[in-house]
Amino acid sequence: MSNLWYPFTAMQEWSQTSQISIEGGQGNYLLASNGKHYLDGVSSLWTNVHGHNHPVLNAAIKNQVDRISHSTLLGLTNPLAEDLAKRLVEITPQGLNHVFYSDSGSTAVEIALKQAFQYWQLTGKPEKTRLVHLDEAYHGDTLGAVAVGGIDIFHEIFGPLLIPTDSIPCPNSFHRDRSANQEQAETQSLESLQQLLKESASKIAALIMEPLVQGAGGILTHTPRYLSQLAALCKEFDILLILDEVATGFGRTGTLFAAEQAQVNPDFMCLAKGITGGYLPLAATLSTSRIYEAFLAPREDGKTFFHGHTYTGNALACAVAIANLELFEQESTISKLPPKIAYLRGRLETLRKNPNVGDIRQCGLMVGIEIVERENASAYPTKSFIGDKICQAVRAHGVILRNLSDVIVLMPPLSIELPEIALMVDAVQSGIEEVCR
Ligand SMILES: Cc1ncc(COP(=O)(O)O)c(C=O)c1O
């Protein structure tokens with residue numbers, strides 16, 4: 001019996017089945033103890049960027065480990081944490097000048113929520129305490145992040161523990177109302193936000209959202225137009241905008257950050273996952289000078305942001321993150337994406353004809369394939385676990401994927417090559433046919 005309790009896993013079933021154990025990685029592949037290699041079709045939970053076992057990233061860690069692996073940022077500084085902060089400010093949207101580190105997407109979100117809350121406490125509007133989020137949002141699993149989440153299967157049970165929040169409709173209506181088109185769904189969401197802000201802006205501190213793609217909600221996409229109009233409403237009503245780019249950041253949507261596609265300059269940006277190229281846990285919450293300066297005061301005024309995690313600014317993580325950013329430059333990672341994205345789009349067109357495919361949503365190299373019953377195109381009963389079964393079947397074709405309920409997610413490393421894209425899509429096609437026929 002294993003002593004390990006796995007994340008997001010029904011342990012009874014898991015412990016009764018055999019599992020693939022990963023012992024190595026090379027490029028876009030995972031090497032398993034069963035001797036097989038598998039294409040890493042979800043970038044090891046949306047983290048890997050330039051491939052596994054990359055010599056440059058390996059060297060960055062090896063060099064650093066001979067100097068020091070960790071020293072605290074509480075009362076000390078270190079050159080790598082400083083250097084990385086400078087680089088992050090340079091590459092993120094204008095105005096984000098300050099970097100607060102932590103170690104996961106959830107903590108990056110907690111920090112943004114707490115800083116946004118404290119900002120209004122410090123600037124004479126203590127009644128601005130409420131947080132707004134989108135339905136079907138996912139911002140992590142710590143309690144603050146769960147409070148601004150909107151995925152019932154993950155979040156509902158924790159309801160009694162959560163701070164109250166306000167939500168607006170998801171701008172992608174596939175799960176709610178398939179008769180609405182994208183434009184109608186976005187308009188409905190924006191109108192609902194406008195109404196909420198008209199009534200309650202004086203009580204609202206911030207709005208948090210995943211720009212362009214609501215990932216864990218099922219790769220629910222929306223247009224840059226929606227994002228820019230939402231940002232404009234936040235500005236008009238003086239609501240702080242937190243963009244959670246934990247999943248979309250570092251090239252996943254085709255640009256370095258999703259916000260670029262709508263030319264939005266948020267008050268906060270949360271980064272994690274791809275920041276270290278998928279090597280080590282590191283996260284950053286960026287904020288503007290308007291926010292940062294509200295906390296500047298003599299120590300005795302009590303304006304300090306009392307928050308910090310033990311491994312904040314870890315030297316190994318910062319070293320590999322810097323090397324990862326340099327790889328974006330050296331390997332022209334972003335400018336190599338358009339042909340990959342177009343090729344993936346082309347391959348997915350064939351899949352669209354499959355009667356079990358209800359919708360395909362793609363933004364850059366983020367894809368969600370919605371599985372439906374072939375007879376009437378309606379959702380499968382929840383307990384049929386159709387998405388799980390398809391992902392299991394796909395493994396026999398040499399590809400590791402992970403579903404979100406009935407949505408098959410493709411999110412390969414940015415280093416994926418065209419033949420590997422073909423392999424991945426063909427494997428999904430076969431998996432659907434084997435399971436659903
Ligand atoms: C948009 C978004 N925010 C936050 C998180 C939470 O990140 P972590 O699992 O590192 O806490 C995730 C994880 O998938 C995410 O997709």
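K86 and E90 are both exposed (over 50% relative accessible area, whereas buried means under 20% and partly exposed lies in between, with a 1.4 Å probe and protein chains only). The model is a predicted one, in which local features need pLDDT of at least 70 and side-chain atom pairs count only at pLDDT 80 or more, while totals for chains, interfaces and linings use all residues. Residues are numbered from 1 along each chain as its sequence is written, and side-chain values use heavy atoms, with hydrogens and water left out.

The side chains of K86 and E90 form a salt bridge, with 3.2 Å from N to O; the term refers to a side-chain nitrogen of Lys or Arg within 4 Å of a carboxyl oxygen of Asp or Glu. Because K86 and E90 are 4 residues apart in helix 4, about one helical turn separates them. Helices (H or I, at least four residues) and strands (E, at least two) are taken as DSSP runs and numbered from the N terminus. In total, the structure holds 10 salt bridges. A network of salt bridges links D83, R87 and E326.

A contrasting setting is found for R361. This residue takes part in a salt bridge with D359, at 2.9 Å from N to O, and in another with E370, at 2.5 Å from N to O. R361 counts as buried because its relative accessible area is 3%. D359 is buried as well, and E370, at 5% relative accessibility, is therefore also classed as buried.

Attention now turns to open space in the model. Rolling a probe the size of a water molecule over the atoms shows where empty space is left. The second largest pocket holds about 780 Å³ of space. Here the search runs on a 1 Å grid over the protein atoms alone, and a pocket is an open set of points with protein on both sides within 12 Å along at least five of seven lines, whereas a cavity is a set of points where a 1.4 Å probe fits but cannot get out; lining residues have an atom within 4 Å of a point. Grid points are joined across faces, edges and corners, and the volume is the space filled by probe spheres set on the points.

The lining of this second largest pocket comprises 25 residues, and those nearest its centre are V99, F100, Q115, Y292 and F305. At least two lining residues come from each of helix 4 (79-91), strand 4 (96-102), strand 12 (283-288) and helix 10 (289-294). Strand 4 gives the largest share, with 4 residues. Sorted by class, the lining has 14 nonpolar, 10 polar and 1 charged residues, where Ala, Val, Leu, Ile, Met, Phe, Trp, Tyr, Cys and Pro count as nonpolar, Asp, Glu, Lys and Arg as charged, and the others, Gly among them, as polar.

On the surface, a nonpolar patch is made by L143, I157, F158 and L161, which together have about 430 Å² of accessible area. Patches consist of residues with over 30% relative accessible area and no salt bridge, joined within 9 Å for like charges and within 5 Å for nonpolar side chains (Val, Leu, Ile, Met, Phe, Trp, Tyr). Accessible areas come from the Shrake-Rupley method with a 1.4 Å probe, and for residues only the protein chains shown count as cover.

F8, in the segment before helix 1 (11-15), has a positive phi of about 50° although it is not a glycine. F250, in the loop between strand 10 (240-244) and strand 11 (268-271), likewise has a positive phi, near 60°. F8 is partly exposed, at 48% relative accessibility, whereas F250 is buried, with a relative accessible area of 1%.

Some pairs of residues relate sequence to space. S189, in helix 8 (residues 182-200), is buried at 0% relative accessibility; S189 and P171 are 18 residues apart in sequence and 5.5 Å apart in space, C-alpha to C-alpha. I386, in helix 13 (residues 386-395), is buried with a relative accessible area of 6%. From I386 to I371 there are 15 residues in sequence and 7.8 Å in space, C-alpha to C-alpha. D406 sits in the loop between strand 16 (402-404) and strand 17 (407-410) and is buried, with a relative accessible area of 13%. D406 and R67 are 339 residues apart in sequence, with 47 Å between their C-alpha atoms.
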